[in-house]
Amino acid sequence: MSTLSLSAKPQRPWQPTFKSLIPDILGALFTAFATLAIVGISPLKGKLGFVIVLILMAVITTSVISWIRKDRKAALNSTSTVLVYVAAAFVIVPLASILWEIFTKGATGVSLNIFSNDMSATASDSPLTEGGLLHAIVGTVYLVLIASVVSTPIGILTALYIVEVKGKFAGIVRFFVQAMSGIPSIVAGLFIYAVWMIGLGNSYNAGAGAAALAILMIPTVARTSEEVLKLIPNDLREAGLAMGATQWRTVAMIIIPAAKSGLVTAVILGIARVAGETAPLLLTIGGADGLNLNPFSGNNSALPYYVWKNLGLGSEIAVQRAWLGVFVLIVVVFIFFTLARVLGAAKGSRK
Amino acid sequence: MSTTVTAPKPTPAPREITTTPRFSDKVFRAVVTAGGLSSLVILGMIAFFLVFNGFETFRAEGLSFLTGFEWADAQPEEGLAASYGVGAMLYGTLVIGLLALIFGVPIAVGTALFLSYYAPEWLKKPMVLIIDVMAAIPSVVFGLWGYFILMPHAEYWAKLIHKYLGFIPIFDMPANAFSRSPFIAGLVLAIMIIPIVTSISREVFAQTPLDRIQAAYALGATKWSMIKAVVFPYGRGGVVGGAMLGLGRALGETVAVYTVLNLMYDIRIEVLLSAGGSVASMIVNKFGEADAPELRALMAAGFVLFLVTLAVNFIANYIINKTERKG
């Protein structure tokens with residue numbers, strides 16, 4: 001007695017067979033050789049010439065092959081496919097270059113002393129082993145902390161106003177907050193300068209810089225919180241109200257706890273957005289070479305400011321310091337960025 | 001069994017159902033409303049303080065503040081009054097903004113198409129991550145990178161463009177100065193706006209109705225014909241809006257532009273020449289040694305920049321919201 005062994009092999013007729021791939025492979029080989037040949041013979045030189053010829057050859061070869069095998073429409077389709085892939089590749093190139101340069105130029109200067117020294121006793125062109133970033137790191141911590149303390153309540157209240165209270169002006173507020181996220185950072189700096197320095201007669205300090213950053217942070221916090229609150233299922237709200245809770249109790253004891261990690265993500269995203277802002281700081285914190293532990297009095301520094309200053313000094317060592325500052329700044333920004341993504345991903349599955 | 005008749009419990013008085021909120025809710029709503037409206041208040045205050053501080057400049061210069069090319073402090077010993085005009089800088093800002101769009105939007109839209117319709121599954125997530133990381137890079141980093149890394153390459157490209165296309169007026173070169181040109185500033189800005197244009201375009205592409213896409217394929221369309229016939233008509237508004245949001249960012253960008261652009265109070269059409277303008281960069285440039293009248297002029301310039309970017313953002317968001325609601 002034979003057992004019935006009919007295990008039909010799954011067929012995939014839509015998948016390309018080796019035979020159907022031959023023209024494509026030949027085309028790719030032709031493209032590569034033709035590019036090398038043209039770059040070798042013609043006066044076009046360097047990476048730029050190579051890239052241009054490669055793109056042109058890829059477009060021409062795939063189009064011609066499609067045209068011969070099928071028709072004009074297929075040729076057009078191949079052309080656009082190549083161009084779309086090229087566009088995506090063009091996005092990766094600058095980012096890869098930026099990260100590579102920061103790492104190679106900045107990471108070399110990292111040592112323990114940059115976290116324990118400031119620049120008050122160090123000339124900008126003395127070697128990197130002297131002086132450090134302490135004042136800038138402390139300044140950035142102050143700026144970020146104060147800006148978060150100011151902008152978190154406002155941002156979350158704005159989101160609550162739009163999603164929970166649904167007030168008369170909810171539409172307008174939403175629209176303006178959207179537009180507010182496009183305010184140039186320099187304008188926020190000018191505004192704080194007008195109020196804080198001209199209006200109130202104070203001098204530069206970290207608090208003023210933090211106020212400018214808070215203005216830039218509010219829209220990010222508000223818009224992300226709004227998205228988060230919208231994800232909370234309406235059943236929860238109705239359940240709260242049906243139990244006889246007031247709206248205040250529903251929001252405070254059901255909605256906010258349910259949305260907590262999302263709201264934290266919103267704040268962290270806001271921090272990542274403003275931690276690297278430079279322009280408003282140029283008008284508000286005054287800049288300092290020494291450590292200043294008082295955020296509300298006296299000039300202060302910040303990582304972006306440190307980079308800016310050393311870039312302006314222009315000497316070789318100063319530029320190295322600028323790269324070092326950028327490296328530390330990028331690490332800080334990416335830590336917040338990663339935190340936001342990890343926390344966001346934990347809740348993201350609900351979407 | 002004795003039956004004791006207990007008096008029936010008094011029925012509870014019917015609860016009064018009211019729509020007037022409790023006291024706690026009133027407080028809650030007042031606080032939330034105050035918080036919600038504070039963004040509007042901040043925006044209003046920004047406009048007010050900038051106008052208030054720049055008022056004298058607006059009064060003294062009138063419309064010529066917008067059209068004038070000159071930015072000169074008063075020189076009493078020579079009997080010259082101060083003359084402030086942001087015309088050249090506004091023009092320069094628009095030029096680099098447009099260049100950024102010309103370079104950035106095709107790449108951004110191409111990337112959005114790639115992510116929506118071309119990319120293999122495994123590549124989508126890393127690619128989205130790359131776009132997000134790009135959006136998170138601070139502008140001072142772009143400035144540093146643009147100046148030291150991109151500029152040498154970009155100068156070489158500019159020379160090539162001038163050599164082969166120099167007969168077109170905008171690629172002409174009156175002097176041999178290729179560095180820190182609007183062309184380079186446009187390149188840096190293009191990289192900076194690619195993330196936002198890409199993500200907005202991707203959002204609207206994702207809302208293209210699936211049945212229409214499938215209908216196009218069922219009629220025998222190639223991928224490109226499908227995109228041309230379904231995706232583009234449907235998402236056009238979103239792409240335009242995303243590009244305008246990018247333009248708004250580009251117009252307001254300060255630090256990166258300041259680093260890679262040579263400011264010149266002149267209107268020139270040659271984009272490869274080392275002479276350009278940007279209102280935001282000018283503010284940083286002049287702020288350091290500004291006296292009181294010049295500071296007022298800078299406030300006025302800031303107000304102009306504020307209005308322009310706010311208007312661009314309003315229009316952009318209006319278009320995007322309209323497109324997204326269609327879905």
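Biologist: How far apart do the C-alpha centres of domain 1 of chain A and domain 2 of chain A lie?

Modeller: This is a predicted model, where local features need pLDDT of at least 70, side-chain atom pairs count only at pLDDT 80 or more, and totals for chains, interfaces and linings use all residues. Residues are numbered from 1 along each chain as its sequence is written, with chains lettered from A and ligands numbered from 1 in the order in which they are written. The domain assignment, automatic or from a database, gives 21-108 as domain 1 and 134-348 as domain 2 in chain A. Between their C-alpha centres lie 41 Å.

Biologist: And which helix of chain A gives the most to the side that touches chain B?

Modeller: Counting residues as in contact if their C-beta atoms, placed from the backbone, lie within 7 Å, 71 residues of chain A are in contact with 68 residues of chain B. Helices here are DSSP runs (H or I, at least four residues), numbered from the N terminus. With 19 residues, the top contributor on the chain A side is helix H3 (residues 72-106).

Biologist: Are H4(A) and H5(A) parallel or oblique to each other?

Modeller: The axes, lines fitted to C-alpha atoms over the stretch in contact, with angles from 0 to 180 degrees between N-to-C directions, come within 9 Å and cross at roughly 140 degrees for H4 (residues 134-165) and H5 (residues 170-180) of chain A. Under 35 degrees is roughly parallel, over 145 roughly antiparallel, 65 to 115 roughly perpendicular, and the rest oblique. So H4(A) and H5(A) are oblique.

Biologist: Which residues of H4(A) meet H5(A)?

Modeller: On the H5(A) side sit A:Ala170, A:Val173, A:Arg174 and A:Val177. Their partners in H4(A) are A:Thr158, A:Tyr161 and A:Ile162.

Notes: Two residues are in contact if their C-beta atoms, placed from the backbone, lie within 7 Å. Helices (H or I, at least four residues) and strands (E, at least two) are DSSP runs, numbered from the N terminus.
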